[in-house]
Amino acid sequence: MCCRCEVGCERDCVVGPWSAWSICTPTDCTASPPPATPGFRRRRRQVVVNPSLGGSECPPLEEQSECHEAQCHQWVLGKWSACLLTNPEHPCGHGNQLRNASCLDSAGAEAPTEECEEELGAAPRQQECHVPCSFDCVVGTWSEWSPCTRPCADQLHVGYTQRNTSIVAPPGPGGRACPPPDELTQVETCRVEPCGGAAWVPGPWGQCGLPARAACGPGRQERELFCRDHHNNTLPAYKCSGMGRPELERACEVSCGTACTVTSWSEWSPCLAPDPCPIDGVLVSSVQRRWRRVLVEAREGGEPCPPLSEDRGCAHAPVTCTTHHWRTGHWSPCTLADDVECGTGFRVRRVECVDAVGAVVEPTHCLLGDNIVPESGEECHVHCSEACVTSGWGTWTPCPIHPPCGHTSDRTRKLLDGSEKNIRCLNLTLRESIECPCHTFYTNPAGTWSSCLVERTLESEREGVEGQDEDEDETGSLVTPPGLCGVGRRHRALLCTRDDGVLAHPRSCGHNGVEEEPCMVECPSDCRMGPWGSWSTCNASCGAGLQHRTRESHFPFRVPSPLTIAHYTHHQLSPSTFTTNSPSPPSPQTLPHHQPTPTTLTTNLPSPATYPHHQPTLTTNLPPLHSPPTLTHNTTLTTTSTRQMLEPSLWGGRPCPEARQSRACWGSCRSVWVPGGWSECQVTQGQDCGTGTQTRTIRCMREAVTGLQVEVLGRECDASLSPSLQQYCHVSCPGQCVVSSWSPWSPCPLVSSERTLVDLILVFVMGCPENSTRRRNRQVVRRPMVGGESCPPLTEEQPCVSGESCWRYSWRVGNWTSCVPLGHSSCGEGVRNRPVTCVRTGGAAVPDWLCPRDARPSPVETWCYVDCPIDCEVTPWTPWDDSKCSCGEKPGEMTRRRYLAVNPSESGRPCPSHLEETRPCPALPCYTWERGPWSQCHLQGGSCGHGYVERNVSCVGPGGQTVDSHLCLALVHVGGHTWPYLARALDLNSRDGCYVPCEGDCELTEWAPWSHCHRDCSRGHQGGTQARSRAVLTEGSQGRENGQGSCPGPLWETRPCLAGPCLNFTWQVINGTIRCVRGDGLVVTGGCEGGRRPCMPECLVRGSLCSSVGACVCRPGLRPLYSEKQRFRLTSCVPVRNLTFPLPQPLSGAKYLPEDINVWMFAMIGVGSAFVVFVVISMYLLCQSPRENTTTPLTLRRQKNLRHRAV
């Protein structure tokens, strides 16, 4: 029994991104004053996936870098307030701006202000400002700082950023002038943090150090530690001081050796023929053999592998070496009865069993062989007219296979006891001849060709054990075990008929009743896949998206090489094909002899129409055995093709797995529109103020892993939020009011799921909450002169419009993606995820915080399993079962079977469609024994008494002609049985004793028919015993006078008998029903008890197997779950949890299962048991009380009570 197992894949360490650098801090802020040495700044990152045993260790999780201007404290400054005029009575002029400042220490905690002032000085909490008057120049607000040009700084390069402004109102007479143009743009450095720092980097682990005199076991392991920068350059150790160090020593263990692990034993092979006997004549029995394979080789002095093969003797009796043989003595003279002088007599001789040196041994040694026991006695004849003694007539010589007319069959006898010296005896006839039948024989097929049969020899089994590690060929494809595919043979029954239409023995036509020719069973061709490519970039910049990766498929077409074909040709494909013509017999001039014809072997490769890149053809003329192994071939081969399009595997190979995988990915939603500064307002040419237009550039920027903002394609940013590239502007004339730019619009109310159903319906119809608006405002920068135009409105309001200014946010869930195995494995345990995105009205992805977090669908990621390919394995073929073979023109078929040893997984090679094969039986004529009637009792001249009867027993063929008796004995002959035994067992005696009662003797009835053959098949008996009986009709007069029976013989007798093969009984699935089938194919109702019953339907649940009673059960360590609709139908096998028993869950709808222990059932049993005990005790008390009252007087009971009372 095979069980699936898994080996966990190695997981490498995965870390997250680096945090921002901390402030530049001295090495010791506790000193007063802090040391003047250069300070340091640090950054950290977290572990996302911890490594497994054997996986890659985590890189450094902390880095630090030297810096200058180290400080233990820092000011945190707030925003500047509005400009506070020095003279509050004036509407414009000089003033001051204020802001708050707080002090933080090196750890980021709030510290007293005095500490920052002591180290850094006073914080800049105030600055001068100016509110423009009516004729002063007005400068617009500064634009946002542009993205930094570099992610980090090094010794030679530093990043920079810039911003700009423009003049929105020129000065008037006497007003404050505008700043020079170069002051309208500001440039500052940015990203001054280093690109990397120093970190502790451990070296590889050293060898495991063991205690003294220890060769294996636990020990300690050490490694070195280096301080290195991000370019892997070694630095002094002080540059890494202050950071946590990884461990430099750990426990280890030196294996004491890996013991060899082997598979379980295979099934025993069929009984083999014994090896040639040794010269010393030792008995050798037939043997069986089984094998096993090495799973894990012994390493490092582990326990070596045990023997991989094992032999045992067969269960039947051993065979005898040919050195034991029968030795016969000289014949005795022909002996007659005492009162007879001529006629039929008898002569005997000594028969002994001897060994190789001629010593007489027990006859058992010779009886176990295949040689028939020589006759120890035979009839002889003494002629009455001449004093000549002759032997009995011998058997007729067989006629030739193709007898031309005029051939005869002869039988002879010889002179005995010196009669060959008597001249008168030489005139006796010692030879008789009869004319052989004169016929012409023809061969015709008796049926269709069988399927192509590939034999799996014991040599191939042995080679499979020796080459167990060679499971793949040079192309990486799995090699099919021998005996499952390759060059085979197919068979067809042949009839040998005479010219008169009578079925003849196949040897008359020169064959054995079956023709065969070579054929080819295509070996499975697996679909081979290339390695996975890299994952594509995420197709979403905000929210959930998908990544894809693909791999290519390789389809190898392998054709047997010429050497392989020649090998099969020379060693296996000996053509024994016989030409077959039309069913009508040809003329006598045709087919007198049969010459083998060349055999053509054609492989059934895919047609060029199906696979246009492959046009393989192979045509091979296989010569007969007596010719040298030559080969002609015309082959066009393409060994391997690489395609993107998947195609089905060939001839039952492994199916192609998926060639495209997808997984969910999440965009950071960090792609934003970054507008540049507005250009100068272009008013009408020739004027210094008025209305005009101004432009700016916008870029879609995304923050990279390095923290640098990089420009990306505009589709990654939300088009609806794209800032305008052009706007109307106004350059105020001197004395006019100047206002600032509009602030951003206030957000519209969010549409949440907390609203009522009516509100949601209104929102769905109208688009936004009812009467919702949004606002924006602006401020006065310069007041108008006295008497001038008033300022424009400072507030603007507009209704919220669905799809433009207000949105509805919801979660969108995608389908589950592909199951991606963990680590670098191609199968096994993996994960799959699904995209969950927060979207707004219209389907645009937005950051997740806009959707209600408690309504987010889960799970986003789950465990899954990618099936590892496990190919189907079948047992070797059973021996051919010829129990259904018959004689005649319909010889029938013999069968052999194989069984599933390992069920395939979903991605493994499927099981072969045929688990049973048939081949035709030889077409042999039916031969029967023809027994003539018994003659009258021959009393040798007497009128009563003992005598003998005779009859003619002959073997008759289909045409009624008498044939050799061995043709009838061929089906029942067993080595070691003598002719007298066979004659009695098969009722072939041509002479038997008889008795004619004299007057006054006992009279008996005729013998009853013989009973059927009694034998014990369970002990492997081939022969048995028959019995018959007779009854007494009249007691003899002598027997009545003496009081004893005078009957001359027994009233019952037995004889040996031979029956056909013992029939076995097996469970089989017939038309979807399990039936008990006898070995001859008859469906019976009994006999299969105790046999392994198959499961119907098959056990397809993962982790299940078929029990001996025909039920699907779970493997050890798994708990069964059954169907709720169909009781006792297994649905799944789950691991057993560490619970004593499962608790009832009445609300879950789960039904009681036989395997679960129900607590309520035990409670009811306990209550019922208590009730029964209560009833029994009550009945006992009721029965005892009356008995005591009637048998014991009251006074006596009182005395008993008083007697035991304490005084």
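Me: When do two strands count as paired in this predicted model, and which strand does strand 46 pair with over three bridges?

Reply: Two strands pair if DSSP finds at least two bridges between them. In this predicted model, strand 46, covering residues 698–703, pairs with strand 47 in the antiparallel sense over three bridges, and Met-701 stands opposite Glu-711 in strand 47.

Me: What is the order of the open sheet of three strands, and which are the edge strands?

Reply: The order is 43-46-47, with antiparallel pairing. Strand 43 (672–675) and strand 47 (709–711) are the edge strands, since each pairs on one side only, and the twist averages 50° from one strand to the next.

Me: How many disulfides does the count come to, and is the link of Cys-827 and Cys-868 right-handed or left-handed?

Reply: A disulfide is a pair of cysteine sulfur atoms within 2.5 Å, and by this rule the count comes to 36 disulfides. One of them joins Cys-827 to Cys-868, with 2.1 Å from S to S; the torsion about the S-S bond is about 100°, so this disulfide is right-handed. Cys-827 lies in the loop between strand 54 (820–821) and strand 55 (828–833), and Cys-868 in the loop between strand 57 (861–866) and strand 58 (873–874), so the pair ties together parts that are 41 residues apart in sequence.

Me: Is the disulfide of Cys-885 and Cys-921 right-handed or left-handed, and is Cys-921 buried or partly exposed?

Reply: The sulfur atoms of Cys-885 and Cys-921 are 1.8 Å apart, and the torsion about their S-S bond is about -65°, so the disulfide is left-handed. Buried means under 20% relative accessible area; therefore Cys-921, at 1% relative accessibility, counts as buried, whereas Cys-885, at 27%, counts as partly exposed.

Methods: Residues numbered from 1 in each chain as written. Predicted model: local features only at pLDDT ≥ 70, side-chain atom pairs only at ≥ 80, totals over all residues. Heavy atoms only, no water. Helix = DSSP H or I, 4+ residues; strand = E, 2+ residues; numbered from the N terminus. Axes fitted to C-alpha atoms, helices over the stretch in contact; angles between N-to-C directions. Buried < 20%, exposed > 50% of the residue type's maximum accessible area, 1.4 Å probe, protein only.
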